[in-house]
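I am keeping notes on what I looked up in this model. The entries follow the order in which I went through them.

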Amino acid sequence: MKRITIALTLGATLLATAASAEDLRVGTSADYPPWESVDGAGQIVGFDKDVGDEICKRISATCSWQNQAYDGLLPGLQVGKFDLVISGVSINDERSQKVDFSVAYADAPNSIVVAPGSNAASAKSADDLQKALAKAAIGVQTGTTHEQVVRAHFPDADIRVYDRPDQVADDLVAGRIDAGLMERSAWEPLVKGRGSDKLVYAGPPLTGADFAEFGKGQGVAMGKGKTELKTKVDGAVQAMLKDGTMKTISQKYFGYDLSKK
């Protein structure tokens, strides 16, 4: 009889533990190395994946990752397809009206890249870039803050939207567009892979101080009103920033510290 009681008690404890463990679905767009990509084994890897896994560990959640085109991430979050979106999403006012964000975990600079012979290659400021590329064909990834910036501040430009960053780089090399805008860290492997004789950086790194649409850093996106979840994620992010974990992960993938100061 005693053995049966112990077994029942143990079973009840295991069930309670399972019920208390939180299962979270994390959406990302794994086409933006080194932030996130798919390796040869078909697994999602990268900076955001490591950050997300560490957050899930610290909030005692079991997380499953789902790969989704970038422009479908926040709409998917809004309809309940995901519980979290971790994909280098910049925090800005427009997005904050639709979803909630954690405190920022990173603050990535952005860059415009052009062909070496472009007039924009000698730009020294954001204003110079706007003048040099006023009527240029500019490529951006769809659904990004880069698209928002170009639409807001290059109103006469021919805006070309792409599903993936590598498509922007390839069309720039082929001469089908005059410039491309994306995060500096995403440009780096693309520029290196295609060569400095084909792609060069134009102007200074760009942040929210130059164009407000770039926002206030990158954060974890959640559905509106998920107060308990936001509190947990905020706590994990703040702890990772404080204890240096975010810096360590950043240096692993970028070679420098992108963590939000």
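I began with the largest cavity, whose volume is about 100 Å³. A cavity here is a set of points on a 1 Å grid over the protein atoms alone where a 1.4 Å probe fits but cannot get out; points are joined across faces, edges and corners, and a volume is the space filled by probe spheres set on the points. The structure holds 1 cavity of 30 Å³ or more. I listed 14 lining residues (those with an atom within 4 Å of a point), and Tyr 32, Tyr 70, Ser 87, Gly 88 and Thr 144 lie nearest the centre. The lining has 2 nonpolar, 8 polar and 4 charged residues. In this scheme Ala, Val, Leu, Ile, Met, Phe, Trp, Tyr, Cys and Pro are nonpolar, Asp, Glu, Lys and Arg are charged, and the others, Gly among them, are polar.

I noted the provenance: this is a predicted model, in which local features need pLDDT of at least 70 and side-chain atom pairs count only at pLDDT 80 or more, while totals for chains, interfaces and linings use all residues. Residues are numbered from 1 along each chain as its sequence is written, and side-chain values use heavy atoms, with hydrogens and water left out.

Next came the largest pocket (an open set of points with protein on both sides within 12 Å along at least five of seven lines). The space in the largest pocket is about 210 Å³. Helix H3 (73–78) and helix H4 (93–96) are the elements that give two or more residues to its lining; helices (H or I, at least four residues) and strands (E, at least two) are DSSP runs numbered from the N terminus. H3 has the largest share, 4 residues. Other names I found in the lining include Tyr 70, Val 89, Lys 98 and Gln 148. By class I have 5 nonpolar, 3 polar and 4 charged residues for this pocket.

I then checked the strands, where a pair needs at least two DSSP bridges. E1 and E4 run parallel and are joined by 7 bridges, with Asp 23 partnered by Thr 62 in E4. E1 also pairs with strand E5 (residues 84–85) in the parallel sense, over 2 bridges; there Val 26 stands opposite Leu 84.

Which residues touch the most other members of the largest nonpolar core? I found Trp 35, Ile 55, Tyr 105, Trp 187 and Val 233, out of 41 residues. Such a core is a set of buried Ala, Val, Leu, Ile, Met, Phe, Trp, Tyr and Cys residues joined through side-chain atoms within 4.5 Å; buried means under 20% relative accessible area, exposed over 50%, partly exposed in between (1.4 Å probe, protein chains only). H9 supplies the largest share of this core, 5 residues. Apart from it lies another core of 21 residues, among them Leu 133 and Phe 214.

For Ile 55 I listed contacts (heavy atoms within 4.5 Å). Leaving out residues up to four places away in sequence, Ile 55 touches Val 220, Val 233, Ala 236, Val 237 and Met 240.

Last, I looked at the backbone. The peptide bond from Pro 33 to Pro 34 is cis, with omega near 5 degrees, and Pro 34 lies in the loop between strand E1 (22–28) and strand E2 (37–38). Ser 60 is not a glycine, yet has a positive phi of about 55 degrees. Ser 60 is exposed, at 56% relative accessible area.
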